[in-house]
Amino acid sequence: MFFSRNLSDSRIKRECRLSLSTVTCYSGQGKQCEYPSTHVAVGCRCRCGCAGAECGGALRLVFLLLSVLGTTQFAGALLPSFSMPVGVTLTDGEEFEYIVVGAGAAGAPVAARLALAGASVLLVEAGGDPDPTSWVPAAFVALANPAMNYQYKTISNNVSCLSSWNRACQARRGKGLGGTTSINYMMYVRGNRHDFDELNITDWSWKQMEPYFLRYEGLQDLNLLPASSIPYHNTTGTMKIGFFEDSKNPWHSKIIDGYEALNFPHNPDVNGVSQIGVSRIIGYTYRNERMSTARGYLGRDDVKRKLKVAKYTRCTGVIIDDDNVARGITVVHGPSNARLRLYASREVILSAGALVTPQLLMLSGIGPADHLNEMGIPVRVDLPVGNNMTDHSMVSIYVKVEEPLNLPKEILNSSESGMLLPPSGSISLTDVTTFVNTLCYDFVNRQLTGNSTECELPTTQFYHLYTGRGLPIVEGVIFRYLGLDESVVNQLSEVSKNYALIRMTSVPLQPKSSGTVRLASVDPLQAPVIFPNYLSDDRDLEEMMRGIRIIEQLIETTVFKAAGASLVRLELKDCPSGGQQQDSDEYWRCYARHLTATTFHSVGTSALGRVLDARLRVRGVARLRVADASALPRLPRGNPAAAVIAFGERLADFLLEDNIN
Ligand SMILES: Cc1cc2nc3c(=O)[nH]c(=O)nc-3n(C[C@H](O)[C@H](O)[C@H](O)COP(=O)(O)OP(=O)(O)OC[C@H]3O[C@@H](n4cnc5c(N)ncnc54)[C@H](O)[C@@H]3O)c2cc1C
C-alpha cells in the first residue's frame, strides 16, 4: 500500500513514504516530518522537530495499517470516490477578479460560490490536498500530523492548562483544502438562534442568517428526525450531513439513559425546536466518510471547472495602495517558494482563520496602533484586530467503568463503524452530546427542572469520549494527543490497564475570558503570538464547576453504578490530595485549572461590528473583506463550523450584490 525510498543528505537520513498520492517524510529517528511536496520527484524536504505522538505519526500508521490489512471500509475511505481540484502554477503579476486567502470552512464556500456565479477567482491555500486518512471519520486522532495540522504554541497565563506540556494550551488548526473542516470532530451544531439575535447588529439576526445555514445543508437523515424538525432543515445543500453509523458501543445508549435519569430530555435534533437535552449529534459525514468543505464545495465538478486553486501558496500580506484600497496580495508559492504579487481587480477576501487572518491584517498595517508601532509597521487603520479572542475551553473528568478485556482483533473488525470505533473496544468519540443551562439544574433533587425561556439557552455542552480497557499503547497516544503532561498520562494509562475510561468533557459555552493574537515578528512566515487566556475570568471556572458537579451526579445514576463507575481522582501538583480532600470544591477548581484544554473554537479576532462593518468589509480599507472564524463577534452556543460556513455563504452574496457592475 505504500512505497519507501531513502533520501539522504549530509545531516540526516530521511525516508520518503509514498502512500497513494501523499508523501510523508520520516527522519532517521523515526519521527514524522512536514512534507511540502506531493510528488516524490520533487523530493522529500523534511522539516523535523515535532515530538513523537504529537506528530500523529503513530496513529496515522495504525490507520494506514488497517487499510493494508484490507478492512474494506478503511481501504475504501482511503480511496475517496471524488477528487480534489488540480492546483495551478502562478506567475508574478497575475490578476483575477477576486482572490480568496484560505480554503477552509469559510474560504471554500466564498470562492466556490463566486466561481459558480461566473467570476474569475483565485483561491490561495497554504497546504495541499487533505491526507487520505482524513476521509475516515474515526481517524481524527491521526490527523495531528503537521502536514495538515498547524500545531501552534501558545503563551501560558498560569491559571489554565496547568497539566499540559509547558503549562501551555494547545492550538491546532487544519492546513490544506477544507482547512480545519478536514481535521475536526465533524459535529454539526448551528448554535442557538439567540446567538445572532443577541448581537444587535443590523441585518444579522437569526432570521437573516438562517437562510445561509439552510442553503448549504444537505441533510441525509430527515426521516430519522421528528416531523417538528422538518422546517429547520434542507436536504439538498452541497454539504451532505447525517448521523454517524451506530458503533454498537453499549455506552452510547447508557450515557443517554444516565442523563434521562437526571430528567434531561432526549432531544432528537439540537438544530431543531430546542437545543436542550441529550442528543445523538448530526455530523459532517456522508456514506461513512468525512464531509469537509474541500469535498462539499471544492470537490464539485462544476466548481473544479471554474475555480483556480493555488495549493502550497502562503499569503504573506495584503497589497494596499496609498488611498487605502486593497489591490492584491503577496504570496510565497509552490515548491520553489517563489515570492509573487497577485492582483484582484474587484476584492481581496481573507479567510485564513481566527489566528492567521489577524496576523495578515496586522502585517498589512491594520491593527491596534500601539502594537503596530511597537513592531515598526506603519499604521494604516487603527482597529482592535487580534483582540477579544474567545474560545470554548473545557475540562475533562475521567470516569472508570468495569469492562471485559478487549481483543485487538475487534479493532480490525470495526470496518462497519463510522465515527465510532468498535463495539466494546478501543477509542470512540461518542456522537452523544448534551446541552444544558446549568442554572436550571436542581443539584439537591438531582433533576433538570426549569422550563423558562432562560433554560432554553444552554450554558454548558458535554462531550463523551470512550477508551476501552486493555489498549494502553493506543490510549497513551490518545492522552498525549490531548497534550497532557507525563504525570497525568501515566496515572490515566495505569487506570486504563484495568478499566475502560469515559472522558466526560464540560464546556462553558459563553466564556467571559478572552485572549489575544499578536505578531511575534514582521516575518509573515513566523507564527503569531497566541495568548488564549482561558479561565482568567472566574465566572468561567464556576460554570465548569457546575458542569463537574452534574457529571458527578450522572455517574451516580443506576446505569453508571451498575458498571461500577467512579471518578478518577488524579493527583495534581499543588491540588488537595487524598480521600475527602478530593471531593472538595477546592480540589475540583484546582483540577479544572490543571486539566483545562480547548475545543479549538477561537473566534472574534477580526470581528463583525468591531473590525468589520455589517457587510464584512474591513473598516477604513476599500475592497478588503473577511469571512472566517475571526469574523464571528462571539462564540455560538455550540460548535462553530456551521456558523463559519454560513458566514462564507453570506459573504459570497455580499460580494456579488456589491460588485454587480
Ligand atoms: C481538532 C478540532 C476539532 C474541531 N471540531 C469541531 C466540530 O466537531 N464541529 C465544529 O463545528 N467545529 C469544530 N472545530 C472548529 C472548526 O473546525 C473551526 O472553527 C472552523 O473550521 C474555522 O474555520 P475558518 O474558515 O475560520 O478556518 P479554517 O477552517 O482553519 O481555514 C483556514 C484556512 O486558511 C489556510 N491558511 C492559513 N494561513 C494561510 C496563509 N497565510 N495563506 C494561505 N492560506 C492560509 C489554512 O491552511 C486553512 O486551510 C474543531 C477544530 C479543531 C481544530
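User: Which residue in the turn between β17 and β18 has a positive phi?

Analyst: This is a predicted model, in which local features need pLDDT of at least 70, side-chain atom pairs count only at pLDDT 80 or more, and totals for chains, interfaces and linings use all residues. Residues are numbered from 1 along each chain as its sequence is written. Strands are DSSP runs of E with at least two residues, numbered from the N terminus, and β17 and β18 form a hairpin with 4 residues between them. The turn residue with a positive phi, of about 70 degrees, is G334.

User: How many bridges join β17 to β18, and what is the bridge partner of G328?

Analyst: Strands count as paired if DSSP finds at least two bridges between them. β17 and β18 (residues 338-350) run antiparallel, joined by 6 bridges. The partner of G328 in β18 is Y343.

User: Which residue of β17 is the bridge partner of G317?

Analyst: β16 (residues 313-320) pairs with β17 (residues 326-333) in the antiparallel sense over 7 bridges. Their hairpin has 5 residues between the strands, and N324 takes a positive phi near 60 degrees there. The partner of G317 is T330.

User: Which elements give two or more residues to the side of domain 1 that touches domain 2?

Analyst: Domain bounds come from an automatic or database assignment, which gives domain 1 as 89-130 + 176-232 + 282-354 + 601-661 and domain 2 as 245-280 + 393-598. The contact, counted where C-beta atoms placed from the backbone lie within 7 Å, takes 22 residues from domain 1 and 20 residues from domain 2. The elements giving two or more residues on the domain 1 side are β12 (282-283) and β16.

Note on methods
Contact = placed C-beta atoms within 7 Å.
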